[in-house]
Amino acid sequence: MNETNKMKLTYDVVSGDFDRAGEASSAIKRLLQRLGIPADIIRRIAIGTYEAEMNVIIHAGGGVVMAEISPESTIIVVTDKGPGIPDIEQAKQEGWSTAPDYIRQMGFGAGMGLPNMIKCSDRIDIASEVNEGTKITMEFKHADKV
Amino acid sequence: MKLQKIVEALDLMVATKNADLGAEVSGGYASDLLSNVMGQAKTDMLWITMQGHQNIAAVAALLGLSAVIVAGGSHVEKDALEKAERNSVVILTTDLPAYEVIGRIYALGVKNEI
Ligand SMILES: Nc1ncnc2c1ncn2[C@@H]1O[C@H](COP(=O)(O)OP(=O)(O)O)[C@@H](O)[C@H]1O
Ligand SMILES: [Mg+2]
């Protein structure tokens, strides 16, 4: 990747579409592999992006996954115009989930998505307005955490 | 240990077409909660689960797992197999209960560094 290069990619995520669930995360992962980003960092990006992507599919009625890749870092921005999160502190608690039963039967809804995003990323910002939507911004530095 | 050896020792069914059983297995993780697997399973691990829907293929591909073992005779959906094949994910099935699967693999010497 050229020093001045910044790549920006956008993927639409469709509500309830488990056929294509994870495709945005997979595409970003493949691109980062081609760019030669270290495997352990790609792994963290893949986990964080997948959790945010699944939340949009499950909780938000669809949205957009955006990746901004520069030589130093990958920034993932996941936005939706869904119901929003009334209490972000509560949503961040491990085990807190409002997922319906049929979603839980598939093994989602363990309430570990946001905790995983927080653990995997170097920086996270969760912005949400009830009835307006949610915007999750995660930054992953391409050099290892110290 | 090579995946092939585990498949033979436990007589696992290889459910995905064109599966490459040459992968080196680094350990294992057992859970039916996808976010738990996402957060805990490491690259090249085996994943033992009762889930048989297509999201297991996405999780295994993103984490780079060596294979998914769907235990207890749990049904693997057709679109799960298709998604797995497209992403070079190996899905193995068995009627053995998860406890038995894990015990036998552990006895073969596949252990995690904890
Ligand atoms: N994009 C979103 N839109 C609306 N609500 C959300 C969104 N993301 C997360 N939430 C809320 O936060 C809760 C916790 O999310 P998470 O930690 O990923 O767990 P889970 O997805 O397993 O429920 C969800 O159950 C849901 O109530
Ligand atoms: Mg979630």
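**Strands and ligand**

Author: Start in chain B: Ala30(B) stands opposite Ile48(B), which belongs to strand 3 of chain B. Bear in mind that this is a predicted model.

Reader: Ok. In which sense do strand 2 and strand 3 of chain B pair, and over how many bridges?

Author: Parallel, over four bridges. Strand 3 covers residues 45–49 of chain B.

Reader: What sheet do the strands of chain B form, and in what order?

Author: An open sheet of five strands, ordered 1-5-4-3-2 in chain B. The pairing is mixed.

Reader: Which are the edge strands there?

Author: Strand 1 (13–14) and strand 2 (27–30) of chain B. Each of these pairs on one side only.

Reader: Switching to the ligand. How many residues surround ligand 1, and which are the closest?

Author: There are 18 around ligand 1. The closest are Asn55(A), His59(A), Ser97(A), Thr98(A) and Leu114(A).

Reader: What is the make-up of that shell, by nonpolar, polar and charged?

Author: Eight nonpolar residues, nine polar and one charged.

Reader: Which helices supply at least two residues of the shell?

Author: Helix 2 (39–59) and helix 5 (113–120), both of chain A. Helix 5 of chain A gives the largest share, with three residues.

Reader: How much of ligand 1 does the protein bury?

Author: 94% of the 530 Å² that ligand 1 exposes when taken alone.

Reader: And where does ligand 1 sit?

Author: In the largest pocket.

Reader: Last topic, chain A strands. How do strand 4 and strand 5 of chain A run?

Author: Antiparallel, joined by seven bridges. Strand 4 spans residues 123–129 and strand 5 spans 133–141 of chain A. Ser128(A) stands opposite Thr134(A) in strand 5 of chain A.

Reader: What about the turn in that hairpin?

Author: Three residues lie between strand 4 and strand 5 of chain A. In the turn, Asn131(A) has a positive phi of about 70°.

Terms used. Residues are numbered from 1 along each chain as its sequence is written. Chains are lettered from A and ligands numbered from 1 in the order in which they are written. This is a predicted model: local features need pLDDT of at least 70, side-chain atom pairs count only at pLDDT 80 or more; totals for chains, interfaces and linings use all residues. Side-chain values use heavy atoms; hydrogens and water are left out. A residue is near a molecule or strand if one of its heavy atoms lies within 4 Å of it. Accessible areas come from the Shrake-Rupley method with a 1.4 Å probe; for residues, only the protein chains shown count as cover. On a 1 Å grid over the protein atoms alone, a cavity is a set of points where a 1.4 Å probe fits but cannot get out, and a pocket is an open set with protein on both sides within 12 Å along at least five of seven lines; lining residues have an atom within 4 Å of a point. A molecule sits in a cavity or pocket if more than half of its atoms lie within 2 Å of its grid points. Ala, Val, Leu, Ile, Met, Phe, Trp, Tyr, Cys and Pro count as nonpolar, Asp, Glu, Lys and Arg as charged, and the others, Gly among them, as polar. Two strands pair if DSSP finds at least two bridges between them.
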